[in-house]
Amino acid sequence: FAAAGVPRARLTVLPNGVDAGVFHPGAGTERVAARIVFAGALVPDKGLDVLLHAMPLVRALVPAAELVVCGAASLWARAPFFDPEAVRRELPYVSFHGALPQAAVAAELAGAALAVVPTPPARWREAFGMAASEAQACGTPVVVVRNGGLPETVRAGETGWIVEEATPAALAAAIVGALRDPVRLDAMGRAAAAWARTRFSWTRNAETCIDCGLCPPECPTSA
């Protein structure tokens, strides 16, 4: 809109909201120090294969690193594009939990040290990236690829990292850097939770709609 000439002062951006009743730091048990989590559809578009190829590079430098995968190809009504059993045989530190209810996904996110959203822009353009905002709401810093709206969900260097290329080497470098500094990772997790509470709040979105006059007088939230 700005590129089309609409004055920026007349533009208000409302990000997708996160259900804070489900996604919050207390949603899981104690965090596992070197656990990484991927949550999303298991389709080529989302780049899980890139993350899987990055894991041996990560393990070479962080031997305790492990990856938890939450999701299934059926989330996009697709057939599986790889055999999880074959991956487990080759990469025994990767576990597949299938498609889970939201509360179970939140528990996995809240119990991890780091979440990764590796979507390659050449395969799929992320309009927003709910996985990144939900992870941060759980107090889990994120590594995302510069793709579509994904960078808008992260405060680079404060709540997560933005990787310029969706390659195993680039992902591994960011993941290793994160896991090797647990003190900073813990501080970024707290910052991520605080950022998500304000930036991705449905309450904040509703209040903004009221302030902008988007909510009609008869709307219950404007009472």
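Trainee: How many bridges join E1 to E2, and do the two strands run parallel or antiparallel?

Mentor: Two strands count as paired if DSSP finds at least two bridges between them, and strands (E, at least two residues) and helices (H or I, at least four) are DSSP runs numbered from the N terminus. Here five bridges join E1 to E2, and the two run parallel; within this pairing, Ala-39 stands opposite Cys-70 of E2. Before going on, note that this is a predicted model, in which local features need pLDDT of at least 70 and side-chain atom pairs count only at pLDDT 80 or more, while totals for chains, interfaces and linings use all residues. Residues are numbered from 1 along each chain as its sequence is written, and side-chain values use heavy atoms, with hydrogens and water left out.

Trainee: What is the strand order of the sheet, and which strands are its edges?

Mentor: The order is E3-E2-E1-E4-E5-E6, six strands in an open sheet with parallel pairing, and the edge strands are E3 and E6, each of which pairs on one side only. Neighbouring strands are turned by 20° against each other on average, direction ignored, where axes are lines fitted to C-alpha atoms, for helices over the stretch in contact, and angles run from 0 to 180 degrees between N-to-C directions. On the E3 side, E2 and E3 (residues 94–96) pair in the parallel sense over three bridges, with Val-68 opposite Ser-95 and Val-69 opposite Phe-96.

Trainee: Which handedness does the β-α-β unit of E1, H1 and E2 have?

Mentor: A crossover is right-handed if, with the strands pointing away from the viewer, the path from the first strand over the helix to the second runs clockwise. The unit made by E1, H1 (residues 48–61) and E2 is right-handed, and the crossover from E2 through H2 (residues 84–90) to E3 is right-handed as well.

Trainee: Why is E2 described as largely enclosed?

Mentor: Buried means under 20% relative accessible area, exposed over 50%, and partly exposed in between (1.4 Å probe, protein chains only). Four of the five residues of E2 are buried, so the strand is largely enclosed by the rest of the structure. Across the protein, buried residues make up 45% of the 223 residues.

Trainee: Which elements do the buried residues of H3 pack against?

Mentor: Contact means heavy atoms within 4.5 Å. The buried residues of H3 (residues 102–110) are Val-105, Ala-106, Glu-108, Leu-109 and Ala-110, and they pack against E1 (35–39), E2 (66–70), E4 (114–117) and H4 (130–137). As for the other helix on these strands, H1 lies across E1, E2, E3 and E4, running at about 165° to E2.

Trainee: How do the axes of H4 and H6 cross, and which residues make the contact?

Mentor: The axes of H4 and H6 (residues 182–199) come within 7 Å and cross at roughly 115°. The contact is made by Ser-133, Gln-136 and Ala-137 of H4 together with Ala-192, Ala-193, Trp-195 and Ala-196 of H6.

Trainee: Where is Thr-159 found, and is Thr-159 buried or exposed?

Mentor: Thr-159 is found in the loop between E5 (142–145) and E6 (160–163), and at 1% relative accessibility Thr-159 counts as buried.
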